[in-house]
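Student: I would like to learn how to read packing features in a structural model. Could we go through them one at a time?

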Amino acid sequence: MSRILVTGACGPAGRSLLDQLSTRGLPALGCDMDPSPRTDGITVLRALPARDPDHLTELVELMATHHVTLLIPTVQEELPLVAASPPPGTLISPLEGIEIAHDKWLTGQHLAAAGVPVPATVRAEQALDSDIAPLGLPVLSKPRVSRGGRGVVLHDAITDVPRQEGILLSEFAPGTEYCVQVVQGIGNDVCVVLEKTQLRSGLVGNADAVRRVEAPDVAEVATAAVRALGLVGPADLDIRRRDDGTPLVIEVNARFGAQSAHAPELLETVLAWHAASDQDG
């Protein structure tokens, strides 16, 4: 029997995806560097860390051993490695888009050049006080390469902001924050806007609660961002509004997000694409 393999099975995105597959009664398998058992009969295998040079080789072996026909990576760090040489049956965007989305500085530069609204941002190691002042207060600092809300900090004074390499300093958009769930380029395009109603760290951070909303301007900006990056398949975007209501793209993740269960159309589209691919093969 063919199976679907989900990486990062014990992380928020992978766990949510396996829950959805389990509810549908589909044969699935998970892998994770720190596996924990599930109660629904889905097996989660131990896997090498995403940055291990043998990680991709191990995924190929798992696919062959367990008759996997669809590989869905959900670990941010593994995406460039997998996209560089994707095994047959892998759902992943082209490498160029993956590499841009992997780096928040490159993401912002690329989207701004394409006319997609993004926060004003400077690189901390190059920034003078005169560069930071136009960002306003509070100033938001975040790692150039990271996942989720890790390392995101608000600073109330310019003198408090970090200046080391690998950190970005951005304007803080104080309005409503959204996580937008998108699938593009593999059938019917889907865009579902989820409003973050509770943030883990107060004003910033991952969403602990969301609700579906109609926000056409947010959906338009999210779709434009995904197209500008040339992403294919699932994407998870963080978008916040400025005081004047302008939606700004904060982050683009070229994979399923932790809140994808609130947009089941994404997985339905992926499964339809996979079924059609199997028939064509």
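Student: Leaving aside neighbours within four places in sequence, which residues is Leu-237 in contact with?

Tutor: In soluble globular proteins, nonpolar side chains tend to be buried together. In this predicted model, Leu-237 is in contact with Tyr-178, Cys-179, Val-180, Val-182, Ala-222, Ala-225, Val-226, Val-249, Glu-251 and Val-252, once its neighbours within four places in sequence are left aside.

Student: How many residues does the largest nonpolar core have, and which have the most contacts inside it?

Tutor: The largest nonpolar core has 39 residues, and those with the most contacts inside it are Leu-5, Leu-111, Val-180, Leu-237 and Val-249. Helix H7, residues 216-229, supplies the largest share of this core, seven residues. A second, separate core has 26 residues, including Val-6, Val-44, Cys-179 and Val-270.

Student: How is the packing of helix H4 and helix H5 to be read?

Tutor: Two packed helices are described by the angle between their axes and the distance between the axes. Helix H4 (residues 95-102) and helix H5 (residues 104-113) pack at an angle of about 110 degrees, their axes lying 5 Å apart, which makes H4 roughly perpendicular to H5. The contact is made by Glu-99, Ile-100, Ala-101 and His-102 of H4 together with Lys-104, Leu-106, Thr-107 and His-110 of H5, and these residues divide into three nonpolar, three polar and two charged.

Student: Is Arg-240 buried or exposed?

Tutor: Arg-240, which lies in strand S12 (residues 233-241), counts as buried because its relative accessibility is 8%, and the cut-off for buried is under 20%. A polar contact of 2.8 Å joins the side chain of Arg-240 to that of Glu-177.

Terms used. Residues numbered from 1 in each chain as written. Predicted model: local features only at pLDDT ≥ 70, side-chain atom pairs only at ≥ 80, totals over all residues. Heavy atoms only, no water. Helix = DSSP H or I, 4+ residues; strand = E, 2+ residues; numbered from the N terminus. Buried < 20%, exposed > 50% of the residue type's maximum accessible area, 1.4 Å probe, protein only. Polar contact = N/O pair within 3.5 Å; in protein donor to acceptor, adjacent residues only side chain to side chain. Axes fitted to C-alpha atoms, helices over the stretch in contact; angles between N-to-C directions. Parallel < 35°, antiparallel > 145°, perpendicular 65-115°, else oblique. Contact = heavy atoms within 4.5 Å. Nonpolar A, V, L, I, M, F, W, Y, C, P; charged D, E, K, R; others polar. Core = buried A, V, L, I, M, F, W, Y, C linked by side-chain atoms within 4.5 Å.
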